[in-house]
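This report goes through one structure, from its core to its pairs of side chains. The sequence and the model come before the text.

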Amino acid sequence: MKEKIMTIMQEHGYSSQRAIARALHEKVEYYKDGKSSPRTTAVFLNQILLGRRPMPSNLAEGLVELCEGDERLTSLLEHTEASKTKGNVTYHLTEVLGQYYNQLKSHYVSIGDSEKLKLLTDFQSFVRSHTGLEAKVNEGAEQES
């Protein structure tokens with residue numbers, strides 16, 4: 001996905017993720033308010049393009065706006081979002097990990113060790129159940145071929 005998006009962005013004159021981030025902050029209304037810096041946006045964009053985070057709609061809309069509504073980019077982003085919502089285990093685990101991390105970060109000082117252990121245990125159980133499900137799905141696909 002990263003290569004396809006970057007190829008389209010380069011065709012529109014954005015040679016790097018930093019250039020894209022700068023352009024977002026200069027041209028897209030959502031980013032003009034200064035809640036984040038272009039550097040922060042570039043790091044966030046990199047994580048998204050590597051598949052470590054889901055792409056928020058405001059970023060997808062900003063990229064499309066920068067590319068003047070390029071149909072290839074719109075189609076690619078819509079396809080990516082659709083694949084993430086149709087049972088993609090990796091996407092859902094990433095979402096849960098993000099939620100877990102935010103919860104732990106916000107309560108880290110105020111919660112005790114037993115509560116930290118419970119959060120870790122709950123998350124570990126969730127991961128095991130979903131990775132087991134992923135293995136079963138993959139196993140079923142191999143048998144069908």
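Which residues have the most contacts inside the largest nonpolar core?

## Basis of the model

The model is predicted, so local features need pLDDT of at least 70 and side-chain atom pairs count only at pLDDT 80 or more, while totals for chains, interfaces and linings use all residues. Residues are numbered from 1 along each chain as its sequence is written, and side-chain values use heavy atoms, with hydrogens and water left out.

## The core

Ile5, Met9, Ile20, Met55, Leu59, Leu66 and Leu73 have the most contacts inside the largest nonpolar core, which has 23 residues. A nonpolar core is a set of buried Ala, Val, Leu, Ile, Met, Phe, Trp, Tyr and Cys residues joined through side-chain atoms within 4.5 Å. Buried means under 20% relative accessible area, exposed over 50%, and partly exposed in between (1.4 Å probe, protein chains only).

Two or more residues of this core come from each of α1 (2–11), α2, α4 (38–49), α5 and α6 (71–85). The largest share, five residues, is from α5.

## Overall make-up

The protein chain has eight helices and zero strands. Helices (H or I, at least four residues) and strands (E, at least two) are DSSP runs, numbered from the N terminus. Of the 145 residues in the protein chain, 31% are buried.

Seven of the ten residues of α5 are buried: Asn58, Leu59, Ala60, Gly62, Leu63, Val64 and Leu66. Leaving aside neighbours within four places in sequence, leucine 59 is in contact (heavy atoms within 4.5 Å) with Leu24, Tyr31, Leu45 and Ile48. Just after α5, glutamate 68 has a positive phi of about 55°.

Helix α2 (residues 17–27) packs against α5 (residues 57–66) at an angle of about 90°, and their axes are 10 Å apart. That angle makes the two helices roughly perpendicular, a label for angles of 65 to 115 degrees. On the α2 side the contact is made by Ile20, Ala23, Leu24 and Lys27, and on the α5 side by Leu59, Gly62, Leu63, Glu65 and Leu66.

## An aromatic pair

The count comes to one aromatic pair, for which ring centres must lie within 6.5 Å. The rings of tyrosine 30 and tyrosine 31 have their centres 5.1 Å apart and their planes at 80°, so the pair is edge-to-face, the term for planes over 60 degrees apart. Tyrosine 30 is partly exposed, at 46% relative accessibility, whereas tyrosine 31 is buried, at 7%.

Key
Axes fitted to C-alpha atoms, helices over the stretch in contact; angles between N-to-C directions. Parallel < 35°, antiparallel > 145°, perpendicular 65-115°, else oblique. Phe/Tyr/Trp six-rings, centres within 6.5 Å; stacked < 30°, edge-to-face > 60°.
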